[in-house]
Each structure stands twice: as structure tokens, then as C-alpha cells.
Amino acid sequence: MNQVVLSAWIVEASALRYTPAGLPALDLRLEHESEASEAGRQRTVKAAIRAVALGSVAETLGQQAIGSGWTFTGFLATPRNGKHPVLHIQSFQQS
């Protein structure tokens with residue numbers, strides 16, 4: 001199963017673009033910070049991840065403010081020409 005749920009802030013968003021198939025697409029950079037227990041110890045976890053949204057999710061997400069916090073649900077995929085996974089956002093809600 002490939003499902004990700006991540007609370008994060010939008011720190012960067014490109015202009016809304018359209019795929020060759022005509023779907024709205026939005027590229028984002030998200031940042032996450034939380035506390036997690038690992039090996040019996042608490043640690044601060046920070047992560048930055050690239051993300052993409054398509055269709056109506058892209059249109060709605062493109063209207064949200066930089067710096068706003070959300071809980072994103074989606075899946076991870078590595079682009080054809082890339083080395084790092086990208087979060088494909090399927091839904092989001094206010095954190």
C-alpha cells in the first residue's frame with residue numbers, strides 16, 4: 001500500500017499549469033515538523049518534500065496562502081527523470 005498522510009505547511013507554490021492532457025497541475029514544496037518517538041527516545045522530525053496536485057485539487061490548493069498548514073493525503077512516486085519521491089496530493093484539509 002502506498003498512502004501518505006502528512007501535516008505540513010505550504011512554503012512554495014508554482015503558478016497553476018496544465019498538463020498535455022489539459023488537467024490543471026500545481027507544483028508545491030511542503031515542510032513538516034513534529035515530535036516522534038524512535039528507539040524509546042523523543043526526537044524532532046523535520047522534512048521538506050516536493051508535491052504535486054492535479055485537477056480540482058490543484059485549483060483549490062492554488063488558492064491557499066503560502067505558510068498555511070494542512071493535512072495532505074496522497075501517495076509517493078518518483079518522476080521519470082528524478083531521484084527523489086514526490087507526494088501526489090489527492091486530498092487536503094485544514095490542520
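**Notebook: salt bridges and overall build**

I looked up the charged pairs and found that the structure holds 4 salt bridges. I counted a salt bridge where a side-chain nitrogen of Lys or Arg lies within 4 Å of a carboxyl oxygen of Asp or Glu. Side chains of opposite charge can pair when their charged atoms come close.

I note that this is a predicted model, in which local features need pLDDT of at least 70 and side-chain atom pairs count only at pLDDT 80 or more, while totals for chains, interfaces and linings use all residues. Residues are numbered from 1 along each chain as its sequence is written, and side-chain values use heavy atoms, with hydrogens and water left out.

**Entry: Arg 17 and Asp 27**

I took up the salt bridge between Arg 17 and Asp 27, whose closest N and O atoms are 2.9 Å apart. Arg 17 belongs to strand β2 (residues 17-18) and Asp 27 to strand β3 (residues 24-38), so this pair ties together parts that are 10 residues apart in sequence. Strands here are DSSP runs of E with at least two residues, helices are runs of H or I with at least four, and both are numbered from the N terminus. I read a relative accessible area of 35% for Arg 17, which is partly exposed. Asp 27 is also partly exposed, at 29%. For these terms, buried means under 20% relative accessible area, exposed means over 50%, and partly exposed lies in between (1.4 Å probe, protein chains only).

**Entry: the other pairs**

I found Glu 38 and Arg 43 joined by a salt bridge at 2.8 Å, N to O. Glu 38 is partly exposed at 46% relative accessible area, and Arg 43 is partly exposed at 42%. I also recorded a network in which salt bridges that share partners join Glu 12, Arg 29 and Glu 31. Within it, the side chains of Glu 31 and Arg 29 meet at 2.9 Å, N to O. Glu 31 has a relative accessible area of 32% and is partly exposed; Arg 29 is partly exposed at 30%.

**Entry: the chain as a whole**

I counted 1 helix and 6 strands in the chain, and along the sequence I read the pattern β-β-β-β-α-β-β. The C-alpha atoms fill a box of roughly 50 × 30 × 20 Å along the principal axes. Of the 95 residues, 29% are buried. I then looked at contacts (heavy atoms within 4.5 Å). Among those between residues at least 6 apart in sequence, 51% join residues at least 24 apart.
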